[in-house]
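Open the model in your viewer and keep the selection panel at hand. The stops below go from rings to helices to core.

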Amino acid sequence: MITTPFGRRRARLITAPELRRRFSRWRGERPFWAGLFTFAAGLPILYWPYAHLDLGGVPLALSTTSGAGSLVIGVLLLALGVALCYRPHLRVFAGIATLLLTLISFPVANFGGLFLGAASSLIGGSLACAWMPPTAGEPSSEGTAPAVAEGEGGRAT
C-alpha cells in the first residue's frame, strides 16, 4: 500500500472510461461546442495579420494597418469561447457579442481571418444563442432514463 507522508492512502487514479464519463457529463451541462467554435474562430483572426508566409520564394504578408484591431477581436473571441465553457449563464451575451465581433472582423481583420474565423464564429455565436440548459427531468448524457413515478408506468392489470 502506498501512503503519503502523513499516512493517508493515495487517491486512486481516474481510469479512462471514468474520465470520459465525467467529461461527457461536464460537456452536457454547458454550451461546449459553441465555446469550441468561438475559441477556434479567434485563432485565424489572430494569426493572419501577423503571419509571414513564403510561397516558392515569394514572401506573402497579410499585414494590415489594423493589426491591433485583429488582435483585440481575436483575443475577445478567445475569451468568449472560454467564458462559454465555464460560465454557461452568459451564453446569450457571449453569443451576441461573438456575432457582432464577426461582423466587425470583416473589414478589420482580413475578411474575418480569410473567412475561416468568420465562419467558425458565426457557427459558435449561433450555437451559443440557441443553447438551452438541460432541465431536471431530462435524462443525463450517460443514457440512464429518469425514474418513473409509481402509478405512471406500473404493471398492467
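How many aromatic pairs does a search of the whole structure find? The search finds 8. Rings of Phe, Tyr and Trp (its six-membered ring) pair if their centres lie within 6.5 Å; planes under 30 degrees apart count as stacked, over 60 as edge-to-face and the rest as tilted.

Before selecting anything, note that this is a predicted model, where local features need pLDDT of at least 70, side-chain atom pairs count only at pLDDT 80 or more, and totals for chains, interfaces and linings use all residues. Residues are numbered from 1 along each chain as its sequence is written, and side-chain values use heavy atoms, with hydrogens and water left out.

**Rings**

Select Phe 106 and Phe 115. Their ring centres are 6.0 Å apart and their planes meet at 55°, so the pair is tilted. Phe 111 and Phe 115 form a stacked pair, 5.8 Å centre to centre with 15° between the planes. Phe 106 is partly exposed, with a relative accessible area of 28%. Here buried means under 20% relative accessible area, exposed over 50%, and partly exposed in between (1.4 Å probe, protein chains only).

Move to Phe 23, Trp 26, Phe 32, Trp 33 and Tyr 86. These form one aromatic cluster.

**The whole chain**

Switch to cartoon. The protein chain has 6 helices and 2 strands. Helices (H or I, at least four residues) and strands (E, at least two) are DSSP runs, numbered from the N terminus. From the N terminus on, the order is α-α-β-β-α-α-α-α. Of the 157 residues, 29% count as buried. A contact means heavy atoms within 4.5 Å. Among contacts between residues at least 6 apart in sequence, 69% join residues at least 24 apart.

**Helix H2**

Select 32-47, which is helix H2. H2 has 16 residues and reaches 23 Å from its first C-alpha to its last, close to the 22 Å expected at 1.5 Å a residue. That expected span is 1.5 Å times one less than the number of residues. Buried residues in H2 include Phe 32, Thr 38, Pro 44 and Leu 46. The buried residues of H2 pack against helix H1 (16-28), H3, H4, helix H5 (110-114) and helix H6 (116-130).

**The core**

Show side chains for the largest nonpolar core, which has 12 residues, among them Ala 34, Ile 45, Leu 77, Leu 101 and Ala 128. Such a core is a set of buried Ala, Val, Leu, Ile, Met, Phe, Trp, Tyr and Cys residues joined through side-chain atoms within 4.5 Å. H2, H3 (67-86) and H4 (91-108) each give two or more residues to this core. H3 gives the most, with 4. Centre on Ala 128. Not counting residues up to four places away in sequence, Ala 128 touches Ala 34, Leu 84, Arg 91 and Gly 95.

The neighbours listed here leave out residues up to four places away in sequence.

- Ser 70 lies in H3. Its relative accessibility is 0%. Ser 70 touches Ile 45, Leu 46, Pro 49, Val 108 and Ala 109.
- Thr 98 is in H4. At 0% relative accessibility, Thr 98 counts as buried. Thr 98 touches Thr 38, Leu 77, Leu 80, Ser 121 and Gly 125.
- Gly 112 is in H5. Gly 112 is also at 0%. Gly 112 touches Ile 45, Ser 105, Phe 106, Gly 117 and Ala 118.

Finish by drawing a distance from Gly 112 to Gly 74. Their C-alpha atoms are separated by 9.7 Å, and the two residues are 38 apart along the chain.
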